[in-house]
Amino acid sequence: MGRNNEKNIKAHNDKLHKAQVKAKAKKRAREELRKAILKKFNETKE
């Protein structure tokens, strides 16, 4: 049984893409939170 068969490659890629999507979603959530905080700060500052 070889390590580089289609099933193993697909499993690895699926796992990798799932992790990438998760990281991207986290980054987007942080950016939205940051925007909300900055908006609130700028409103109260004036």
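This is a predicted model: local features need pLDDT of at least 70, side-chain atom pairs count only at pLDDT 80 or more; totals for chains, interfaces and linings use all residues.
A residue counts as buried under 20% relative accessible area, exposed over 50%, and partly exposed in between, using a 1.4 Å probe and protein chains only.

Residues are numbered from 1 along each chain as its sequence is written, and side-chain values use heavy atoms, with hydrogens and water left out.

Now the overall build. The chain has 1 helix and 0 strands, where helices (H or I, at least four residues) and strands (E, at least two) are DSSP runs numbered from the N terminus. Helix 1 covers residues 6-45. Along the principal axes, the C-alpha atoms of the chain fill a box of roughly 70 × 10 × 5 Å.

You can follow that stretch with a couple of residue pairs. Lys15 and Asn42 sit 27 residues apart in sequence, and their C-alpha atoms are 41 Å apart in space. For Lys26 and Phe41, 15 residues apart along the chain, the C-alpha separation is 22 Å.

What about cover? Helix 1 has hardly any, with a count of 0 buried residues among its 40. For the chain, 0% of the 46 residues count as buried. The chain exposes about 5100 Å², with carbon and sulfur atoms supplying 57% of it; accessible areas come from the Shrake-Rupley method with a 1.4 Å probe, and for residues only the protein chains shown count as cover. Lys15, in helix 1, counts as exposed because its relative accessibility is 66%.

Then there's charge. Lys and Arg count as positive, Asp and Glu as negative, while His and the chain ends are not counted. The chain carries 16 positive and 6 negative side chains, and the centres of the two sets lie 7 Å apart. Each charge is placed at NZ of Lys, CZ of Arg, CG of Asp or CD of Glu.

The structure holds 1 salt bridge, meaning a side-chain nitrogen of Lys or Arg within 4 Å of a carboxyl oxygen of Asp or Glu. Here the partners are Asp14 and Lys10, at 2.8 Å from N to O. Both lie in helix 1, 4 residues apart, about one turn of the helix. Asp14 is partly exposed, because its relative accessible area is 40%.

Finally, Lys18, Lys22, Lys26, Lys27 and Arg30 form a positive surface patch. Patches are made of residues with over 30% relative accessible area and no salt bridge; like charges are joined within 9 Å, and nonpolar side chains (Val, Leu, Ile, Met, Phe, Trp, Tyr) within 5 Å. Lys26 counts as exposed because its relative accessibility is 56%.
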